[in-house]
Amino acid sequence: MRLGFPVRVYGLPGAPPPTRAGADLPPFGGHLAHLRDVVGYLAARRISMYRLSTRLAETLAEGWPASLTAHRGELDVLAESIASHNLRLSFHPHGAVALNALHEEQVHRAVGSLVLMAALLDALALPAASVIVLHVGGVYGDVPSARDRFVRRYEALPPEVRRRLVLENDDRRFSHTDVRCIHEACGIPLVFDNLHHRILNPEGVPMREALAYSLGTWPTEVTPKVHFCSARTEARGLATGRLQVPRWTEHSDFCNPFEFIEFLALAEGLPPFDVMLEAKARDVAVLKLREDLARFAPEHTPRLA
């Protein structure tokens, strides 16, 4: 079982923070250089799973085939390093990348973003386990129609994009049952998110059942991935006296080890899977969870890659 984290790397000295939306993006070559440093850091910390920043793909922009050609040497070196360390990389685009949007212009932009991400994963010679995780998108007042629109747009995608896409249940609009309906219509694999399922599960599907079903939607030759996080419990504003209570949909800074151990026990007997920890402390949270498992549940540590 791999444990991974998304985008920001707190343990890498001098690592730049993710570029804010709307800000000027550094050149593609600069992002590749940063990724090279990240890969070295991951290898040194024995972290074998990582979510790439979508900014890496966005810097390709127009004329991206030429950009990939111009940076072929750097990409080949990166691909060799990623393969030698057996890293599993992925993308998780922001909510504006919605295949089921009502306006064709937004859909066109979404497809363009997915094409760039898939092209970059291919340029790095990454295997089928390196996926692009999507949410369904908006409801627009009609859940069945929103699901059907996603299926139609998914089926119309280029095959090189479609083979990278997987679908995640969310905590506001589309539950496990909804994404299950979409999978049954078009075959897209499902990423199970434990916190989202706790928050949005109107059908009352038991967590083990939802997890087992999601794992079974993946191709047999690909290890499924799941998302795991604990809900944030800390209050904000204690120092100012203006207290803001938790909303429970927020990710915690670290993973509650006892919740994670219970999740592993719940998954006993199911097919193996990798885990993306969606904790705000990112790489530090992965390292802390490893320590916690060694202390509180050493029987599980041999499972960790």
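1. Glu 104 is exposed, at a relative accessible area of 53%. Here exposed means over 50% relative accessible area, buried under 20%, and partly exposed in between, with a 1.4 Å probe and protein chains only. The side chain of Glu 104 meets that of Arg 153 in a salt bridge, at 3.2 Å from N to O. This pair links distant parts of the chain, 49 residues apart: Arg 153 belongs to helix H6 (residues 143-155) and Glu 104 to helix H5 (residues 104-123). Arg 153, with 16% relative accessibility, counts as buried. A salt bridge is taken as a side-chain nitrogen of Lys or Arg within 4 Å of a carboxyl oxygen of Asp or Glu. Helices (H or I, at least four residues) and strands (E, at least two) are DSSP runs, numbered from the N terminus.

2. On the basis of the note: residues are numbered from 1 along each chain as its sequence is written. The model is predicted, so that local features need pLDDT of at least 70 and side-chain atom pairs count only at pLDDT 80 or more, while totals for chains, interfaces and linings use all residues; side-chain values use heavy atoms, with hydrogens and water left out.

3. The structure holds 16 salt bridges. One of them joins Arg 72 to Asp 76, with the closest N and O atoms 2.9 Å apart. Both residues lie in helix H4 (residues 72-84), four residues apart, or about one turn of the helix. An α-helix has 3.6 residues a turn, so residues three or four places apart point the same way. Arg 72 is partly exposed, at a relative accessible area of 31%, and Asp 76 is also partly exposed, at 40%.

4. A further salt bridge is formed by Arg 232 and Glu 234, whose closest N and O atoms are 4.0 Å apart. Arg 232 counts as buried at 11% relative accessibility, whereas Glu 234 is partly exposed with a relative accessible area of 34%.

5. The largest nonpolar core has 79 residues. A nonpolar core is a set of buried Ala, Val, Leu, Ile, Met, Phe, Trp, Tyr and Cys residues joined through side-chain atoms within 4.5 Å. The residues with the most contacts inside this core are Leu 35, Tyr 50, Phe 150, Leu 165, Leu 167, Phe 260 and Val 275. Helix H5 gives the most to the core, with nine residues. Apart from it lies another core, of seven residues, including Ala 129, Val 133, Val 191 and Trp 218.

6. Which residues does Phe 260 touch, not counting those up to four places away in sequence? They are Met 1, Leu 3, Phe 228, Cys 255, Val 275, Leu 277, Leu 289 and Leu 293. Contact means heavy atoms within 4.5 Å.

7. Helix H10 (residues 207-215) has Met 207, Ala 210, Leu 211, Tyr 213, Ser 214 and Leu 215 as buried residues. These pack against helix H8 (176-186), strand S6 (190-193), helix H9 (194-199), strand S7 (225-228) and helix H11 (257-266).

8. How many disulfides does a search of the whole structure find? It finds zero, a disulfide being a pair of cysteine sulfur atoms within 2.5 Å. Cys 181 is in no disulfide, and the nearest cysteine sulfur, that of Cys 186, is 11 Å away. Cys 181 is partly exposed, at a relative accessible area of 31%, while Cys 186 counts as buried at 19% relative accessibility.

9. Tyr 10, Phe 254 and Val 284 make a nonpolar surface patch of about 270 Å². Patches consist of residues with over 30% relative accessible area and no salt bridge, like charges being joined within 9 Å and nonpolar side chains (Val, Leu, Ile, Met, Phe, Trp, Tyr) within 5 Å. Accessible areas come from the Shrake-Rupley method with a 1.4 Å probe, and for residues only the protein chains shown count as cover. Phe 254 is placed in the loop between S7 and H11 and counts as partly exposed at 39% relative accessibility.

10. Two backbone angles deserve a reader's attention. Ala 125, a residue other than glycine, has a positive phi near 55°. Ala 125 is found in the loop between H5 and strand S4 (132-134) and counts as exposed at 61% relative accessibility. Arg 282 is not a glycine either, yet has a positive phi of about 50°. Arg 282 lies in helix H12 (residues 282-296) and is partly exposed, with a relative accessible area of 22%.
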